[in-house]
Amino acid sequence: MQVNAWERVRDNAPSQYTVSKGDTLWDIAGEFLHSPWQWPELWRDNPQIGDPHLIYPGDHLNLDDCQGSPCIVMERGQQTVKLSPQVRTLPHREAITPLPLETVRAFLRDHRIVDSQDELEELAYVVAGDNQRLISGAGDLIFARSTDTDTGQNRIVRGEAVEIYRQGQPYQSARGEMLGLELIKIGDAVVARREGDIIQLDVRQANQEVRNDDLILPPEDATLDDNFMPRAPLAQLTGTLLAVPEGVRFIGRLQVVAIDLGSRDGLQPGHVLSIDQAGERVNDPRTQEVLQMPAEEAGLLMVFKPYDNISYALVMEASRTLEVGDPVRTPR
């Protein structure tokens, strides 16, 4: 931090904060800092703690002065267990998460991205329902056809679980370049039989009716590394809020959004970006020229799932209603 680093600390920041169940790292950072994404500059490793990056309910976080700069030092209480003839099991404690991960995990279970149309065409797809049904649901048998590239991670194997997806909206850059294609989960199935490139599937669960041309994929590893801190990207990035996967246009706090920046731009889970809102266009009262007012910061988002060219992020703060098309950037 710089010489004026204390200016980043809230005037009403507590001298000590006790972590509670349900806290997120973003919440805690906001207790101490005007800008929660500056948390890594405040946090100090605690060598006496087994894993100093993990914070648990019951930990005490103390605001201190470390050679002229503000810092957080953690105290962790020690549990004392009396010996007895019986085995005593201590309750399992889960470290706090950087953001509300259950919201994110629920979203990831139903959405994924493929990078190109070519990749999409390599996936197995539904060709028919049993008894020539046009639509199918839970308990029905369906038939799919694999492609010549049905290998590796997309290989469909008898007896294994698979997921049924339908193509959602394509994501394009402002120049019309394809960034990725969204897939929306329709249901789950099990591979009952396979003969050559024809696959028979037993539909176990369906959120919507299953139709011809729906896509068949092995389950994606939906585990999410939750050991990350809110922080700003190192590079100065600018991008756009592409879409809200649920299809709405206006956006508020704790909604998932897609942006046109990804891992190829250096984005990682935990990176925080500012969301700007374009200023109004007004007429000069003397010349009648149309003037564009400066953009104003309107919110903050945190990336949780970057793909090559697109990232899913959660809106952490919104001072006004956000919209698709709003610009995003590295926070100042």
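Student: What share of the 332 residues of the chain counts as buried?

Tutor: In this predicted model, 44% of the 332 residues count as buried. The chain holds 4 helices and 22 strands.

Student: Why is the pair of Phe-107 and Phe-304 called edge-to-face?

Tutor: Good one to check by hand! Ring centres must lie within 6.5 Å for a pair, and planes over 60 degrees apart count as edge-to-face. The centres of Phe-107 and Phe-304 are 6.3 Å apart and their planes stand at 85°, so the pair is edge-to-face.

Student: What makes this a link between distant parts of the chain?

Tutor: Phe-107 belongs to helix H3 (residues 101–108) and Phe-304 to strand S19 (residues 296–306), 197 residues apart. Phe-107 and Phe-304 are both buried.

Student: How many aromatic pairs does the structure hold?

Tutor: There are 6 aromatic pairs. One of them joins Tyr-17 and Phe-32, edge-to-face, with 6.5 Å centre to centre and 75° between the planes.

Student: Which residues do ring pairs link into a cluster?

Tutor: Tyr-17, Phe-32, Trp-39 and Trp-43. Of these, Tyr-17 and Phe-32 are buried.

Student: How do you know that the charged end of Lys-305 sits over the ring of Tyr-307?

Tutor: The distance part asks for NZ of Lys within 6 Å of the ring centre, and there is also a limit of 35 degrees from the ring normal. The charged end of Lys-305 is 5.6 Å from the centre of the Tyr-307 ring, and it is listed as sitting over that ring.

Definitions and conventions
Residues are numbered from 1 along each chain as its sequence is written. This is a predicted model: local features need pLDDT of at least 70, side-chain atom pairs count only at pLDDT 80 or more; totals for chains, interfaces and linings use all residues. Side-chain values use heavy atoms; hydrogens and water are left out. Rings of Phe, Tyr and Trp (its six-membered ring) pair if their centres lie within 6.5 Å; planes under 30 degrees apart count as stacked, over 60 as edge-to-face and the rest as tilted. Buried means under 20% relative accessible area, exposed over 50%, partly exposed in between (1.4 Å probe, protein chains only). Helices (H or I, at least four residues) and strands (E, at least two) are DSSP runs, numbered from the N terminus.
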